[in-house]
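Hi,

Here is the structure I said I would pass on.

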Amino acid sequence: MATLVVPPIPPSPRDDAMQLYRAFKGFGCDTSAVINILAHRDATQRAYIQQEYRTTYAEELSKRLISELSGKLETAVLLWMPDPAGRDAEIIRKSLIVDKNLEAATEVLCSRAPSQLQYLKQLYHSKFGVYLEHEIESNTSGDLQKILLAYVSTPRLEGPEVNREIAEKDAKVLYRAGEKKLGTDEKTFIQIFSERSGAHLVAVSAYYHDMYGHSLKKAVKNETSGNFGHALRTIIQCAHNPAKYFAKVLYKAMKGLGTNDTTLIRVIVTRTEIDMKYIKAEYAKKYKKTLNDAVHFETSGNYRAFLLALLGPNN
């Protein structure tokens, strides 16, 4: 469930566009006003506001936000503005081409459902004029490249149906491909993880645990490393419980000295309209403090205000 708090009777997109224009006018920007509007509008409303702003003021709202905001707040607000698929496309492109840090692209691609990936591929091509698969091919290598390409191009079921017989067989095949042998047969892991549905992988994991005494996730951790291991773990953990997976990603982003703001922003912004309520519950259960309190402690100023607005009430 989403944590986004939208007014019961939201103002019209025209009113919002006018209020934003007023907030930008004059000396300095009324940042609180900008946050109060944008952090409380859903993807459709934000799209209408951007349309109205363009029509009324002959200027892109995103360009105005770049000139009025700065630092981490600017990063967070700009990432919040597109619809989920458009945002995913931007994260992937930045991760693959600008940052050359494949963690974000791997997380996004391996945590999305087949139907989301299908739409994402179409949108990526229309937005950037290049195929997502081509982008992955050009900017990754080795087993990571193989799993990402297989994962984005193989059709998978999304329902709860599971063939128990095949699931049990898959568990045995994975054991033979990994823990039973010296070295790892990555090809087998790639095939099963990219071809089977989330529900099927959960069943495989249960059989694996029953037969070999520990989880498939643990086996993956022991048998693989680097971004390839990260991809497989993301797939299996998101099949089981995406909220628990993202709670851990957020915890690691804030753990120790300093904060990984890129990860903090990415996860909060991408999950607010999807399952942030569940992520908050998992976070509180595992780390014995609320996610809101953790974010409050690690951030400051308008940047903090914006993220906390997205997270909703502190519970």
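Predicted model: local features only at pLDDT ≥ 70, side-chain atom pairs only at ≥ 80, totals over all residues.

Residues are numbered from 1 along each chain as its sequence is written, and side-chain values use heavy atoms, with hydrogens and water left out.

**Domains 2 and 3**

The protein chain splits into domain 1 (13-69), domain 2 (85-240) and domain 3 (242-311); bounds like these come from an automatic or database domain assignment. The centres of domain 2 and domain 3, taken over C-alpha atoms, are 24 Å apart. Where they meet, 13 residues of domain 2 are in contact with 11 residues of domain 3 (contact means heavy atoms within 4.5 Å). About 1,100 Å² is buried between the two, and carbon and sulfur atoms give 50% of that. Buried area here is the accessible area (1.4 Å probe) that two parts lose on being put together, summed over both. On the domain 2 side, Arg87, Glu107 and Cys238 supply 45% of the area buried against domain 3, more than any other three residues.

What holds charges together across this interface? The rule finds one salt bridge between domain 2 and domain 3, a salt bridge being a side-chain nitrogen of Lys or Arg within 4 Å of a carboxyl oxygen of Asp or Glu. Glu107 also meets Arg266 in a salt bridge, at 2.8 Å from N to O. Helices H6 (84-98), H7 (102-111) and H15 (226-240) each give two or more residues to the side of domain 2 that touches domain 3. H15 gives the most, with five residues. Helices are DSSP runs (H or I, at least four residues) and strands likewise (E, at least two), numbered from the N terminus.

Phe228 is in helix H15 and is buried, at 7% relative accessible area. Buried means under 20%, exposed over 50%, and partly exposed in between (1.4 Å probe, protein chains only). Leaving aside neighbours within four places in sequence, Phe228 is in contact with Asp143, Leu144, Ile147, Glu186 and Ile190. Ile147 is 81 residues away along the chain, yet the C-alpha atoms of Phe228 and Ile147 are separated by 7.4 Å.

Gln145 sits in helix H10 (residues 142-153) and is buried too, at 18%. A polar atom of the Gln145 side chain lies 2.9 Å from the backbone oxygen of Thr140.

**Salt bridges elsewhere**

The count comes to 17 salt bridges by the rule above. Here are some of them:

- Asp88 and Arg112 meet at 2.8 Å, N to O. Asp88 lies in helix H6 and Arg112 in the loop between H7 and helix H8 (114-128), so the pair ties together parts that are 24 residues apart in sequence. Both residues are buried.
- Arg196 pairs with Asp170, the closest N and O atoms being 2.6 Å apart. Arg196 is in the loop between helix H12 (186-195) and helix H13 (198-212), and Asp170 is in helix H11 (residues 164-177), 26 residues apart. Arg196 is partly exposed at 23%, whereas Asp170 is buried at 4%.
- Glu68 pairs with Arg64 at 2.9 Å. Both lie in helix H4 (residues 61-68), four residues apart, about one turn of the helix.

Cheers

Terms used: Polar contact = N/O pair within 3.5 Å; in protein donor to acceptor, adjacent residues only side chain to side chain.
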